[in-house]
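Visitor: I've got a model open on my screen and I'd like to learn how to read it. Could you walk me through a few features?

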Amino acid sequence: MAISLSSRREFLKQAGFLTAWSLTLPHFVVQSRQALAHAPIEGLADDRILVLVQLAGGNDGLNTLVPYGDDLYYEARPKLSVAPEDVLKIDDYCGFHTEMYALRELWEDGLLSLIQGVGYPNPDRSHFRSTEIWETASGSEKNIASGWIGRYFDSECSKAVTPTLGVQLGERTAQTFAGDHPRVVTLSNPQLFQFSGGSAREDELAKVHVPSVGANSSLAFLQRTGNDVLSVSRQLSEKVRLQPTTKDYLPYQFSQTLRLVAKMIAAEVPTRVYYVSLPGFDHHATQKMRHAMLLQELSESLSVFVRDLKNLGHLDRTLVVTFSEFGRRVAENQSEGTDHGTANLMFMAGGTSRAGFHGTRSNLSRLDDVGDLHHTTDFRSIYASMLKDWLGANPASILDPRVAPMAGLFK
């Protein structure tokens, strides 16, 4: 049964959304391709976007940015190491993995930042707990229900007029978005945007939902009226489908997901934060070939995405950041894999980010008592810098105020 416009409007007010999909659609999807100035989200001061890319499972940072100039690396990894002649060198100490030529080209073109030695005090090597720490920006000794972006939405974006302030492409809504007033839509089937309206297959594939929070009747109401939301999302899908992007996106699911994000950015969907994931980095055995394939997928997909945004004129307003819940143990194990570790690296591109190295690399000669790297950069200081210098927020109202923003990440 159709839901009345007034019912939808009342629901969206109760749920923390300020206006209904059907009321905002014509306003934000019909934009001039000739316009160089992009309209900010109504209620926000600018048009800036953050794209978070999760490398789920714990990426092996040492085989991503290879310290080929350090003999200790080869002593610890006689089988898993990348031979010096195969490393895509960027200085006399380190270089990219053999399969990451596309990101190395971004680096050479001055479009990529590398943040080294990233972690947090008293690291937890559990996937679940460490991911929770990254998503909530809590200390390892604390448990916080809200996510760091959810708190940013509550603190800084209460006047934003959009139900799609956050968009996640994936099956599970990240705790990153948890807050007092949920402002995220999860597209569990991005194939929604590959079909025109009216097909039975689209009805089957399209799932758009907002995560339920306890017994919140307003959110339950949205879930019960999914078909009504879907009918509006089909209108959005048509606008997004027609957006031009490069044809260089590869058939990887991750690459196609980034292509959809690029289309939504080009369509000027009023979204502040996008969240996508590339899973599969938990390599306890037979790591070498599997990790190489993932790094190739990551490198080529991210490179095309960044260059596409640049060609479309949206890279200056879009910051792309990768993260992983932890790195890997320095020494390879007996199964030719690596176990859960600590410090890692992050990639950053776009926006006003400053290309080049940031932070201090972890010292391979000074490991902890189980053979893991000591972190040199607290990831929360990177979050604080992103909040302050990119999103224009007060990080002290969102993060632990004792965590100072990392200097020099932005121009």
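Predicted model: local features only at pLDDT ≥ 70, side-chain atom pairs only at ≥ 80, totals over all residues.

Visitor: Fine. How many helices and strands does the protein have?

Guide: You'll find 12 helices and 13 strands. The protein has 411 residues, and 58% of them count as buried. Sequence separation is handy to look at too: among contacts with a separation of 6 or more, 71% are between residues 24 or more positions apart.

Visitor: Now the charged side chains. What's the general idea, and how many salt bridges are there?

Guide: Side chains of opposite charge can pair when their charged atoms come close. In this structure there are 15 salt bridges. Take Asp91 and Arg361, whose closest N and O atoms are 3.9 Å apart. The cut-off is 4 Å, so this pair counts.

Visitor: Which parts of the chain does the Asp91 and Arg361 pair tie together?

Guide: Asp91 sits in the loop between strands E3 (88-89) and E4 (95-96), while Arg361 sits in the loop between E12 (356-358) and E13 (377-378), so the bridge ties together parts 270 residues apart in sequence. As for solvent, Asp91 is partly exposed, at 25% relative accessible area, and Arg361 is partly exposed as well, at 35%.

Visitor: How far apart are the closest N and O atoms in the bridge of Arg125 with Asp372?

Guide: There the N and O atoms are 2.7 Å apart. Again distant parts of the chain are linked: Arg125 is in the loop between strand E5 (113-119) and helix H5 (127-136), Asp372 is in the loop between E12 and E13, and the two are 247 residues apart.

Visitor: And is each of them buried or partly exposed?

Guide: Arg125 counts as partly exposed, with 27% relative accessibility. Asp372 is buried, at 0%.

Visitor: What about Arg328 and Asp282?

Guide: Their side chains meet in a salt bridge, 3.1 Å from N to O. Arg328 lies in the loop between strands E10 (318-323) and E11 (344-350), and Asp282 in the loop between strand E9 (273-278) and helix H11 (287-312), with 46 residues separating the pair.

Visitor: Last one: how do I describe two packed helices, and at what angle do H4 and H11 cross?

Guide: Two packed helices are described by the angle between their axes and the distance between the axes. For H4 (residues 101-108) and H11, the axes come within 7 Å and cross at roughly 40 degrees, which makes H4 oblique to H11.

Visitor: Which residues make that contact?

Guide: H4 brings Tyr101, Ala102, Leu103, Glu105 and Leu106, and H11 brings Ser299, Glu300, Leu302, Ser303, Val306 and Arg307. By class, that's 6 nonpolar, 2 polar and 3 charged residues. You've already met Leu302, among the contacts of Thr322.

Note on methods: Residues numbered from 1 in each chain as written. Heavy atoms only, no water. Helix = DSSP H or I, 4+ residues; strand = E, 2+ residues; numbered from the N terminus. Buried < 20%, exposed > 50% of the residue type's maximum accessible area, 1.4 Å probe, protein only. Contact = heavy atoms within 4.5 Å. Axes fitted to C-alpha atoms, helices over the stretch in contact; angles between N-to-C directions. Parallel < 35°, antiparallel > 145°, perpendicular 65-115°, else oblique. Nonpolar A, V, L, I, M, F, W, Y, C, P; charged D, E, K, R; others polar. Lists of a residue's contacts leave out its neighbours within four places in sequence.
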